[in-house]
Structure formats: C-alpha cells, structure tokens
Amino acid sequence: MNILHETEKLKIEYEFELARLTEKSSGNVLFEDDFYGNPSCGIIDSENNWAIIAGIHLRLWKPNQTKKFQNESFEWVHSLRIKNPNIIEILTDPWNIKSSVWELNIENSELTKVRDFKDYQNKEYTENVEW
C-alpha cells in the first residue's frame, strides 16, 4: 500500500487504483473508492473531521457522508492544499489545456472555479509545481 496522507488517527492509502481511508487504531476502513489511474493526492483535516482523496475525480469524506466531484472541467487533480479550516484549494493537471485552480467549501460541499492555470502549459514536467 502507498500512503498519500496520514494523521495520528487516520490514513489515506492506495494500491492498484483502489484508495481507502482507514482508522489506524482499529484498522476499520471508513471508505473505499476506485480511481481510473491511481489517486494523485490526499489530505486529512488536522481534527480528523474530513478527508479528501483525488485523482481523475475528487472524493470528500465526512463521517456518515461522502461526495464525489467530477466533470469535464474538473478532473485529474494534481495537488491539494488547505486555504483555511473550511476551504481547500485544488489544482488540476498543470500541463492540461483545462488546468485550473478550484476551491471546495468543506461545510456546504460547494466547488467553485477560481481561475485558469496556464503557467506550466507547454513546459517540461517537474515534480514541484508552484501555484
């Protein structure tokens, strides 16, 4: 298993396009999700109140609820970062013509496009993308 992110209580891991969020103390799987291609990133809230796994689509987990986000304008997530306790910033594939930055409101599950992201189009691949 490959670990995408973990806290003291939870971990996000994947193997062969299957991702899962697991409770570390008990080994209980809180949810699983299939991805076309492996997931590229994941993030868990510092209070363990929510988790996100992303790749071709994005899956938000909160206790007793999961929500999948995917459409033609929003797919192939490259990176995630926390803007504030309720907002996650999302960067889609920087080398894709549709590359963009999005925000996901954790409280109401509202996904909003913030801007296009053209900085890496027609450039060589790099591990470190500044956005």
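Rings of Phe, Tyr and Trp (its six-membered ring) form an aromatic pair if their centres lie within 6.5 Å; planes under 30 degrees apart count as stacked, over 60 as edge-to-face and the rest as tilted. By this rule the structure has five aromatic pairs. The model is predicted, and local features need pLDDT of at least 70, side-chain atom pairs count only at pLDDT 80 or more, and totals for chains, interfaces and linings use all residues. Residues are numbered from 1 along each chain as its sequence is written, and side-chain values use heavy atoms, with hydrogens and water left out.

One of the aromatic pairs is that of tryptophan 95 and tyrosine 125, whose ring centres are 4.9 Å apart and whose planes are at 35°, a tilted arrangement. To place these residues, strands and helices are needed: both are DSSP runs numbered from the N terminus, helices being H or I with at least four residues and strands E with at least two. Tryptophan 95 lies in the loop between strand 10 (87-92) and strand 11 (100-105), while tyrosine 125 lies in the segment after strand 12 (110-116), so the pair links distant parts of the chain, 30 residues apart. Buried means under 20% relative accessible area, exposed over 50%, and partly exposed in between (1.4 Å probe, protein chains only). Tryptophan 95 is partly exposed because its relative accessibility is 22%. Tyrosine 125, at 55%, is exposed.

A second pair is made by phenylalanine 117 and tyrosine 120: the ring centres are 5.9 Å apart and the planes are at 20°, so this pair is stacked. Both phenylalanine 117 and tyrosine 120 are buried. Ring pairs join Trp95, Phe117, Tyr120 and Tyr125 into a cluster.

Rings can also be looked at together with charges. A charge sits over a ring if NZ of Lys or CZ of Arg is within 6 Å of the ring centre and within 35 degrees of the ring normal. Lysine 123 has its charged end over the ring of tyrosine 120, 5.9 Å from the centre. Arginine 81 lies over the face of tryptophan 131, at 3.7 Å from the ring centre.

Side chains of opposite charge can pair when their charged atoms come close. A salt bridge is a side-chain nitrogen of Lys or Arg within 4 Å of a carboxyl oxygen of Asp or Glu, and the count here is seven. Arginine 81 forms one with glutamate 89, the closest N and O atoms being 2.6 Å apart. Glutamate 89 is buried because its relative accessible area is 14%, whereas arginine 81, at 31%, is partly exposed. Another salt bridge joins aspartate 116 to lysine 113, with the closest N and O atoms 2.6 Å apart. Aspartate 116 is partly exposed at 41%, and lysine 113 is partly exposed at 42%.

Lysine 24 and glutamate 6 form a further salt bridge, with 2.8 Å between the closest N and O atoms. This pair links distant parts of the chain: lysine 24 is in the loop between strand 3 and strand 4, and glutamate 6 is in strand 1, 18 residues apart.

These strands belong to an open sheet of four strands in the order 1-2-3-4, with antiparallel pairing. Two strands pair if DSSP finds at least two bridges between them. Strand 1 (2-6) and strand 4 (29-34) are the edge strands, each pairing on one side only. Strand 2 (residues 10-15) is joined to strand 3 (residues 18-23) by six bridges, and lysine 11 stands opposite threonine 22 in strand 3.
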